[in-house]
Amino acid sequence: MTSVFDETNLSRAIARVGLPAMLGQLTTLIYNMADTFFVSLTQEPAMIAAVTLCTPVLLIIMSIACVFGMGGSSVIARLLGEGRKEYAGKTVNFCTYAMALSGVFTAVLGLLLLAPLAELAGADAENLGYTQDYLRYVFLGAPFIMLSNGFVHLFRSAGLIRESTVGLVLGNAINIVLDYVFIIPLGWGAAGAAAATSLGFVCSSVYYLACMVNQNRRGDPLFSVSPRAFCPDRGMVSSVVSIGIPGALITVLMSVANIVLNNYIAIYGSNAVAAYGIAYKIDMVPIMLSVGLSQGVTPLIGYCFGAGQSGRMTATMRLSTLYGVLLGSVFTLLFLLTGQQLAGIFLHEDILAAQAGNFLRVLCLSAPALGIINMVTSYFQALGKALYSLSITVLRNAVLFIPAVILLNHLWGLAGVIAAQPVVEALLTVICLVLYGWDCRKNFAGQQKAHFPEHGRKADRLAVDRMGSRECR
């Protein structure tokens, strides 16, 4: 089969990288919803609230893996586009060991600071014990959580799309099975959900490591887990970290924003937190699918950039963004029509289900915008332009979202807090389109100037502007 990076049919290429990544994200969402579903069978709102409060902490742990997973993925895809496979292999090795060591450090630190972290997440006297139980098992599995999440990105950048998806699906499937065993027959509650999560990541990490060993035995220089192959240089570390840290901050700042949001919702009681938790989990379906599409396409964009295929890169962005917007629109319509019925699957009290349904109808309004925001963010990550992707993230989760939550809570109470997300996403969509259009014009104007040695002349400058504008449309 033709390499996905050399696929001539652009729609097929996007499908080959995007659909497996979307499937992986969907199974991740299913296991998250399975956690919530099985915990909800206990009919303990405080336990459901604990799972909701711990989600941002789990995302922060995953984000640390993004420093070396997403950062390494961007660097590796561009190296492969330039034909530098041996150096790309050294980068994979460095990222693997960096993720493992970071996971051990996070586990030790998290277990030492368990109680303060639970309170910081928004736990109160009613759900503090459940929150600490959940976090304890999550931190115990931190090294494997990081390895698994990082390998997903590294494998995609190396063209191992199938292996990347299989590992993700395997871990999530095991998680769901263990959710049932630990929560229902054994009655471990929130602790059981966390234990299932960590063990699922253990299994997926073992699978990825086995794939690396197998690839190495077949002579693939990209994959070596030998300590002797660990030889990072300053340029490698700088390239990975300079992209990875902004990529990680995307998740960290999103988690911080969610912690702030949870604290404001907690003002209205555990029932409000539980209702929001269910609405947010359901709304995560279009969010995760959009993230999967954008992350799946990122290596393809990076490869095109490294290979100098600017026209193909622009067409990939345009088509992928269109698919993302259409996907979000479908889910918005679905949730507007069936919000309360979907919430009723998880909440057995009619009042809570109605409240969660109303929350979902508001949250889903931002789904179409995510097709633009996520693709533009991934575009800048793929090109190694970390400052641009970081600026979008900071605007989204700090500059715009947190003040919006505070202001709208003051104006309209709980309804205003929930409305903060679609309001911010609408503003951010406009900002992303402006940033992308400006970057396109700058890039292609620069390329065209190389063909006009006397580009100082007015006629030449006008020609450059026209050509750049056509390329960005």
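Trainee: Is Y379 buried or exposed, and what of Y436?

Mentor: This is a predicted model, and the term buried applies under 20% relative accessible area. Y379 and Y436 share one description here: both are buried.

Trainee: What kind of aromatic pair do Y379 and Y436 form?

Mentor: Y379 lies in helix 13 and Y436 in helix 15 (residues 414-449), 57 residues apart, so the pair links distant parts of the chain. The ring centres are 4.9 Å apart, with 85 degrees between the planes. Because planes over 60 degrees apart count as edge-to-face, the pair of Y379 and Y436 is edge-to-face.

Trainee: What class of pair do F331 and F335 form?

Mentor: F331 and F335 are 4 residues apart in helix 11 (residues 310-343), about one helical turn. Both residues are buried. Their ring centres are 5.8 Å apart and their planes are at 55 degrees, so the pair is tilted.

Trainee: At what angle do helix 13 and helix 14 pack?

Mentor: The residues that meet include L370, I373 and F380 in helix 13 and Y388 and I392 in helix 14. By class, this contact has 7 nonpolar, 4 polar and 1 charged residues. Helix 13 passes helix 14 in a left-handed crossing. The axes of helix 13 (residues 367-382) and helix 14 (residues 386-412) are 7 Å apart, and the angle is about 145 degrees.

Methods. Residues numbered from 1 in each chain as written. Predicted model: local features only at pLDDT ≥ 70, side-chain atom pairs only at ≥ 80, totals over all residues. Heavy atoms only, no water. Axes fitted to C-alpha atoms, helices over the stretch in contact; angles between N-to-C directions. Helix = DSSP H or I, 4+ residues; strand = E, 2+ residues; numbered from the N terminus. Left-handed = near helix turned anticlockwise from the far one by under 90°. Contact = heavy atoms within 4.5 Å. Nonpolar A, V, L, I, M, F, W, Y, C, P; charged D, E, K, R; others polar. Phe/Tyr/Trp six-rings, centres within 6.5 Å; stacked < 30°, edge-to-face > 60°. Buried < 20%, exposed > 50% of the residue type's maximum accessible area, 1.4 Å probe, protein only.
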